[in-house]
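User: Can you walk me through reading side-chain packing here? I'd like the general idea, then the case at hand.

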Amino acid sequence: MRRASRRMGSADVLWLTMDRPTNLMVIVSVVMLESVPDWDRVLGLLRTRILEPYPVFSQRPRRPRHTVGLYRWEDDPDFDLERHVVRTTLSRKGTGAEADAELQAYIEEQLPRPFDQTRPLWEVHLVDGHGTGAALVFRIHHALADGIALTRVLLGLTEDADGVPGDLVGPPATTDLPTLPVTGPLGESASTGAVASGLRLARATTRSAWDRLRSKGARAAVTDAAILTLRTGQVVSDLLLTTNPASAVGGVPGQRKRVVWTQPLPLPGLKQVGRLVGATLNDVLMSAVAGALHVYQDEHGRDPVDLVTMVPVNVRPLDEPLPRELGNRFALVFLRFPSRDATPLGRLALSKARMDWLKASPEAALTFALISVIGRFPAAIERRVVDFFANKAIGVTTNVAGPREVRHLAGVPVTGVLGWVPGSGRHTLGFCIVTYDDAVRIGIMADESVVPDPEALLVALEDEVALLVRIGAAGPTAPRRRPRRS
């Protein structure tokens, strides 16, 4: 039965119209499996756990007939799941990094291909021969949903050891930044609705801050109020004036992208080094990326500088199921990697300090309001505004926390998960960090014309992680409690 078309949310319109040959707005996710599953069973899961609950996967975008008009989602009258499924077989050579290299090359071949916008904007590649196992490679246009929501959707295909389905990630926030409160209906597409949604978020964030202030003493409240006002002004200034300095990873992007990723890295040692300075695991992982960027710049004959990345922040309620419409509901903040600092603990301390500042600032609220309205600008103005902000960063860095236990897909254990969101403007380098089964994988997506050797960056990253683990192991440990005397 055909469903009535529905309006596209303003943020969804933004991502739909931002496609460029140098940076397609396509989210890429990889789910690695221990062995080859029954692919018919996998297709059944796609139907029951993705197509049925989320209609947008069988809908196509419909552009307005006139310059001023509303974009809509409408059912594809000829929808066929098989049209969105690609089956392929790799050579089955090697294991570990050798098998990954062949899968990486396959993914790189798919990255420059735009979607046919007369059909639903997604596809899944069922890959045999990833070593002794298999992989699912999803390519999904950002207009359908943000990466945080899509991670929950796609990995909702998995089950625990008892066969109970559920999200692989939890909670679905990309960093340990707090989730922002948002009220109002999803998918408001009129300019006034988008503005109102953004303003509600800003008001809710400000109101929450003032409620905390009122609970303190008068003198402390006045001090904190001044700090909040100062931070808001500083955020606005940063959003307008932040620049990404010239560096070994900056330049004009081309169409070809490279992807590489680490083998699973154990978490206990990384957590131990974080305890030395009171840092979170996220702080430690961000500092590891900063260390790799420091080494890469130095090895390429450039004085290391602090590089800026964009970090998504979830604005969906964590205790509620995803809406059937999905859509984009996230904010972005700028994080300046301490990639100039030459010492591991110095980078870690700065990573913690900068993340702590972001957690206490209203930057995410302001950028969410901005994203909410840009999608209603005329295309030419929209691109200029997007480029203005995107060009302040080298790319996007995401950090997704997964479960500690192994999950299964169609009865086969999941051995690894990765996912990249697209860059825009002059973005050349993105990172994805995914913790799963008490380990972490870090993936890199690099523009081939600017960063042609991401393997060098990967080696630097793995070396930095190993160094942080050694520092954590050598650091002081918690003293043992003496037994009580009876």
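Analyst: Let's start with contact, which means heavy atoms within 4.5 Å. Skipping neighbours within four places in sequence, Leu 136 is in contact with Ser 29, Val 30, Val 31, Leu 33, Trp 39, Val 42, Val 124, His 125, Leu 126 and Leu 409. This is a predicted model, with local features needing pLDDT of at least 70 and side-chain atom pairs pLDDT 80 or more, while totals for chains, interfaces and linings use all residues. Residues are numbered from 1 along each chain as its sequence is written, and side-chain values use heavy atoms, leaving out hydrogens and water.

User: How many aromatic pairs does a search of the whole structure find?

Analyst: Rings of Phe, Tyr and Trp (its six-membered ring) pair if their centres lie within 6.5 Å; planes under 30 degrees apart are stacked, over 60 edge-to-face, the rest tilted. The search turns up 4. Trp 261 and Trp 420 form a tilted pair, because their planes sit at 40°, with centres 6.2 Å apart.

User: Is Trp 420 buried or exposed?

Analyst: Buried means under 20% relative accessible area, exposed over 50%, and partly exposed in between (1.4 Å probe, protein chains only). Trp 420 is buried at 2%, and Trp 261 is buried at 3%. Phe 337 and Phe 431 make an edge-to-face pair, since their planes are at 80°, with centres 6.3 Å apart. Both Phe 337 and Phe 431 are buried.

User: What lies over the face of Phe 115?

Analyst: A charge counts as over a ring if NZ of Lys or CZ of Arg is within 6 Å of the ring centre and within 35 degrees of the ring normal. Here Arg 139 lies over Phe 115, at 5.0 Å from the ring centre.
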